[in-house]
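Subject: Structure handover

Hello,

Here is the structure we talked about. Please look it over first, then read my notes below.

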Amino acid sequence: MFVLELTYTAPIEAVDAALEAHVAWLDEQYAAGFFLASGPKNPRDGGVILAVADDRARIEEITAGDPFVTAGVCAYRVTEFVATKTAPGLERYRRPLG
């Protein structure tokens, strides 16, 4: 499992100009089963995505295709973690430690 933290690197007007394409891209990742939750940070200086994939390389490939990235308006910080506890609807993503 991965926490993807987006940080805006351009003025909010430039971010908003790419927002429609970014939302369409998010919809594609949800449909493909990669994204579990997403939304803007408060204050609105970026966003957070909870994602799943087989490995970090796949996540980096996915994030490279984000229209925010291709427009040069955000940078990603990718944190991989092992979900040892989850809400009931996310049991299939649980992994034992070790």
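Helix α1 has 20 residues and spans 27 Å from first C-alpha to last. That is close to the 28 Å expected at 1.5 Å a residue, where the expected span is 1.5 Å times one less than the number of residues. Helices (H or I, at least four residues) and strands (E, at least two) are DSSP runs, numbered from the N terminus.

This is a predicted model: local features need pLDDT of at least 70, side-chain atom pairs count only at pLDDT 80 or more, and totals for chains, interfaces and linings use all residues. Residues are numbered from 1 along each chain as its sequence is written, and side-chain values use heavy atoms, with hydrogens and water left out.

Back to α1. A kink of about 50° is centred on L19; the bend is the angle between axes fitted to the seven residues ending at a residue and the seven starting there. The buried residues of α1 are V15, A18, H22, W25, L26 and Q29. They pack against β1, β2, β3, α2, α3 and β4, with contact meaning heavy atoms within 4.5 Å. A14, also in α1, counts as partly exposed because its relative accessibility is 30%. The cut-offs are under 20% relative accessible area for buried, over 50% for exposed, and partly exposed in between (1.4 Å probe, protein chains only).

Two backbone points. Just after α1, G33 has a positive phi of about 90°. The peptide bond from N42 to P43 is cis, with omega near 10°. P43 sits in the loop between β2 and β3.

Now the pockets. A pocket is an open set of points on a 1 Å grid over the protein atoms alone, where a 1.4 Å probe fits, with protein on both sides within 12 Å along at least five of seven lines; lining residues have an atom within 4 Å of a point. Volume is the space filled by probe spheres set on the points.

The largest pocket has a volume of about 250 Å³. Its lining includes M1, F2, Y93 and R95.

The second largest pocket has a volume of about 180 Å³. Of its 15 lining residues, Y8, H22, L26, G39 and P40 are the closest to its centre. β1, α1, β2 and β3 each give two or more residues to this lining.

Best wishes
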